[in-house]
Every structure is written in C-alpha cells, then in structure tokens.
Amino acid sequence: QSGHTNGALHSPSGVRLFTTADLQRVADERPQTLLLLSVVGKVYNVTAGRGYYAAGEGYEGFAEGRDASRAFVDTSLFEKEGLDDLANLTLGECKGVEHWMNFYADHEKYTFAGLHIGNFYDSSGEPTSARLDFEQCAKNANEVVEVLKGYSAKAELSGQGKCTWQHQDPKFVECTPPLVPLKFEVPDRGLHCTCVDGHSIKASIAATAKRPAGSLEPRPYDGCTIEQSRCMLPSLKKKNAEASSTQQ
C-alpha cells in the first residue's frame, strides 16, 4: 500500500506519488519556485528550464499541472482535454512521445521527481493498462525502426541505395530500376531518401506493425508512386511563379 512521508504520498517502494491536485498546486504558485512536468506518468523537475516552462514561456503548457503527453506530438492540442490519452496514436507518434520520455530521463539538469497518479499509474504507483499499452506501442515502433534500418543498411551496402537528385529544371529524384526513391523518417537520421524495393518494404512493415505506422511508413515523393524509379519534382519556375502571385 502507498503511504505518507513528511506529508507527501509515496509508493511502497518509496517513490514520490503526485496527484493531479499536487501538480496543479505547484503550477499555480506565484512566484513559481518549482516546475514539474509529467510525461506518460513520470514526473520530472524542470525548474532548470525556467526559460522554457515558466508561465508565459513557449512550453508552459507542459508544466501547467497535468500530464500533456499527447501534446508532444501536436502542440496545437494544448487547449483541449484528454492530453493524457495515447490510446490511438500511430507508431510514429508513439516513437515521438518515447523520444521525449528519453529526453527528460537522460537530461543532465532535469531530474526524476516521482509518478503521477492518473491515467498511467495507479494510487500505489503501479503502471496501468494505458501505460502498458503505450509501452507496447513504443516497442512495436522500435521493431519497425529496425526494419527500416535494415533496408537502409542493405541499400547502402549494395551501392544502389543512394538517391540521385537533379536540382535544376526539370527537377527529379531517381534510383536505379527496379528500385524506387522513398522518403524514410528514421530516428537519429531524420527524413532522407533511400532507394529500395517499394513493395518489399511495404510488405515487411505490414508484417511487423501492429497498428498504423504513421510517419514511420516510407512514402513516395509528391506526385510519384511506389512504381516509379524517377520522380519528377515541382519546377523551380512554377514555384517562383506561385510565390510571386501570392505576393501580388
């Protein structure tokens, strides 16, 4: 059973437990001497980041006395309720939230403060089904990432994985047939182009992903299909003309 130590609630293992009221009380204090942020139920002391998280700063919404995990993948959601609901995220979004979980866990100045009793941890500090579901989503996202990395590595070793670009009109990106240029968004490398067998990688991801892959799904360039080894890109002249017309 959980218990109180020095007036604060702790789990049986001694971890500090915060209620939503506790977090709200800290957030409402003026002046703000303590800043707490909850991500997927884990609470961090981010007071060292006052320039980011204090009232009036750009990321104040993350330290306003609630778990705003969903806003880590879409900050436009701050004005909405249910920001601790991660049930229907894509694998790409789960990977995004996991990135921020690791960011706070590994940060030199932000420290672990305890657990938030709410959607992700119960009153004894045990993970809820929502927390376990998110962990499974993040695990599956990492399995898909490994598939992507495998295709990237294989393409590079073959010597045919590098996309060829022509930046002058007519602009295009191409691969040696039958490989096709696809946008890859692999963590730690960002968005990049890789020449792969489009149908093969789609089938591999479909066999691995247990929910929609989202941004982790390799995709063709705009106006192109998974069948095309050369993708024509928007003309520089056309872009310049469109930009000019919007300024008139």
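Helices here are DSSP runs of H or I with at least four residues, numbered from the N terminus. The model is predicted.

**View A. Leu86 sits in the loop between helix 2 and helix 3.** Helix 2 spans residues 50–53 and helix 3 spans 91–106. Leu86 counts as buried because its relative accessibility is 6%, and the cut-off for buried is under 20%. Beyond its neighbours within four places in sequence, Leu86 is in contact with Val40, Ser69, Arg70, Val97, Phe120, Phe134 and Arg211. Asn119 lies 33 residues from Leu86 in sequence. The C-alpha atoms of Leu86 and Asn119 are 9.7 Å apart.

**View B. Helix 3 crosses helix 4.** Two packed helices are described by the angle between their axes and the distance between the axes. Here the axes come within 8 Å and cross at roughly 105°. Helix 3 is therefore roughly perpendicular to helix 4. Helix 4 covers residues 129–158. From helix 3, the contact takes in Leu91, Cys94, Lys95, Val97, Glu98 and Met101. From helix 4 come Arg131, Phe134, Cys137, Ala138, Asn140, Ala141, Asn142, Val144 and Val145. By class, the contact holds ten nonpolar, two polar and three charged residues. Val97 of helix 3 and Phe134 of helix 4 belong to this contact. Val97 and Phe134 are also among the contacts of Leu86 in View A.

**View C. Strand 4 and strand 5 form a hairpin.** Strand 4 runs over residues 36–39, and strand 5 over residues 42–45. The two strands are antiparallel and joined by four bridges. Val39 has Lys42 of strand 5 as its bridge partner. Two residues lie between the strands. Val40 in this hairpin takes a positive phi near 50°. Val40 is also one of the residues in contact with Leu86. Strand 4 is covered on both faces. Leu36 and Ser38 are buried on one side, Leu37 and Val39 on the other.

**View D. Three strands make an open sheet in the order 7-8-12.** Strands of a sheet pair through backbone hydrogen bonds, either parallel or antiparallel. In this sheet the pairing is antiparallel. Strand 7 (164–166) and strand 12 (230–232) are the edge strands, and each pairs on one side only. From one strand to the next, the twist averages 15°. Strand 8 covers residues 172–174. Three bridges link strand 8 to strand 12 in the antiparallel sense. Phe172 stands opposite Met232 of strand 12.

How values were computed. Residues numbered from 1 in each chain as written. Predicted model: local features only at pLDDT ≥ 70, side-chain atom pairs only at ≥ 80, totals over all residues. Heavy atoms only, no water. Buried < 20%, exposed > 50% of the residue type's maximum accessible area, 1.4 Å probe, protein only. Pairing = 2+ DSSP bridges. Axes fitted to C-alpha atoms, helices over the stretch in contact; angles between N-to-C directions. Contact = heavy atoms within 4.5 Å. Parallel < 35°, antiparallel > 145°, perpendicular 65-115°, else oblique. Nonpolar A, V, L, I, M, F, W, Y, C, P; charged D, E, K, R; others polar.
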